[in-house]
Amino acid sequence: MRETVGAWARVPLPVRRLLAHELRSAASLGRWVLRRPPHGMGAGELAAAYTGPQTAMMYGLVFVSLIETVALSLLIPWPSVHRVVLVLDVYGVLLMLAMHAACVTRPHVVRRDGSLRIRYGALFDLTVPADAVASARVDRRYPEGRLVSLSEEGVLDLIVGSQTTVTLELNRPLPFTRPLGARAEARTIRFHADDPRALVAALRQPAPP
């Protein structure tokens, strides 16, 4: 057991985190299929979905992958190669579905204490305390860059479907962890919510006593 733990510790951190992301996404696929309640939700808390801009594209990719799988099964004459390609294609389709399921079952959450949990599937998870938020507003933008982008000024963009719809101005730098494990700090957070007005309104409500 100790040797197993030691061997796992020697695996590079980005690889370990990617494997953990895949396992959590697979669990989310099961939660999605079984129609279980959203992950990490408590009574009286608001779930804010963010999958709207990417849903059509995700299903489109799955459809294209299925067509490719059928086409390759007809074109590849060697059974052994066909089996390998089939396994890889099926794994790819399941991985895409699992990533989407993780986004559906892990929404943003406005908690009863006024804090906000910002997520993107199993890849990103950041809790913003209520007392760290200076202001929140609906603010649609179309930034360029990867899913998680941080500018030199400390602006963190969590981009879904090439857009963000909510901007949080913070009153202090907030540390966060990137998907592959690197640490950084944000002073402003911009992210997407399908219903940004409802999320901003919930954040502006006073915390219960």
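Colleague: Contact means heavy atoms within 4.5 Å. With that settled, what covers the buried residues of H5?

Modeller: This is a predicted model. The cover over the buried residues of H5 includes strands E1 (46-48), E2 (108-110) and E3. Strands E5 (133-141), E8 (164-177) and E9 (183-191) are also part of that cover.

Colleague: Which residues of H5 are buried?

Modeller: H5 covers residues 196-204, and its buried residues are Pro-196, Leu-199, Val-200, Ala-202 and Leu-203.

Colleague: Why do they line one face of the helix?

Modeller: Look down the axis of H5: its buried residues fall within an arc of 160 degrees, so they line one face. As background, an α-helix has 3.6 residues a turn, so residues three or four places apart point the same way.

Colleague: Which exposed residues are on the face turned away from the buried side of H5?

Modeller: Arg-197 and Arg-204 are the exposed residues carried there.

Colleague: Zoom out. How many helices and strands does the chain have?

Modeller: Five helices and nine strands. In sequence order the pattern is α-α-β-α-α-β-β-β-β-β-β-β-β-α.

Colleague: What does the C-alpha trace span?

Modeller: About 65 × 45 × 35 Å along the principal axes. The chain has 209 residues, and 36% of them are buried. Its accessible surface is about 12,200 Å², with 61% of that belonging to carbon and sulfur atoms.

Colleague: Of the contacts between residues at least 6 apart in sequence, what share joins residues at least 24 apart?

Modeller: That share is 66%.

Colleague: How many positive and negative side chains are there?

Modeller: There are 25 positive and 17 negative side chains. The centres of the two sets lie 6 Å apart.

Colleague: Switching to strands. How do E3 and E4 run, and how many bridges join them?

Modeller: They run antiparallel, and five bridges join E3 (residues 116-120) to E4. Ile-118 has Leu-126 in E4 as its bridge partner.

Colleague: Which way do the side chains of E4 point?

Modeller: They alternate along residues 124-128. Phe-124, Leu-126 and Val-128 point to one face and are buried.

Colleague: Which residues have a positive phi although they are not glycine?

Modeller: Among them are Arg-35, at about 55 degrees, and Ser-162, at about 65 degrees. For context, most residues other than glycine have a negative phi.

Colleague: Where are Arg-35 and Ser-162?

Modeller: Both are in loops. Arg-35 is between helix H2 (13-33) and E1. Ser-162 is between strand E7 (155-158) and E8.

Colleague: Is Arg-35 buried or exposed?

Modeller: Exposed, since its relative accessible area is 76% and the cut-off for exposed is over 50%.

Colleague: Last topic, Asp-89. Where does it lie, and why does it count as buried?

Modeller: Asp-89 lies in helix H4 (residues 79-105). Asp-89 counts as buried because its relative accessibility is 14%, and buried means under 20%.

Colleague: What does Asp-89 touch, leaving out residues up to four places away in sequence?

Modeller: Glu-68, Thr-69 and Leu-72.

Colleague: And what separates the C-alpha atoms of Asp-89 and Leu-180?

Modeller: They are separated by 25 Å, and the two residues are 91 residues apart along the chain.

How values were computed: Residues are numbered from 1 along each chain as its sequence is written. This is a predicted model: local features need pLDDT of at least 70, side-chain atom pairs count only at pLDDT 80 or more; totals for chains, interfaces and linings use all residues. Side-chain values use heavy atoms; hydrogens and water are left out. Helices (H or I, at least four residues) and strands (E, at least two) are DSSP runs, numbered from the N terminus. Buried means under 20% relative accessible area, exposed over 50%, partly exposed in between (1.4 Å probe, protein chains only). Accessible areas come from the Shrake-Rupley method with a 1.4 Å probe; for residues, only the protein chains shown count as cover. Lys and Arg count as positive and Asp and Glu as negative; His and the chain ends are not counted. The place of a charge is taken as NZ of Lys, CZ of Arg, CG of Asp or CD of Glu. Two strands pair if DSSP finds at least two bridges between them. The arc is that of the directions from the helix axis to the C-beta atoms.
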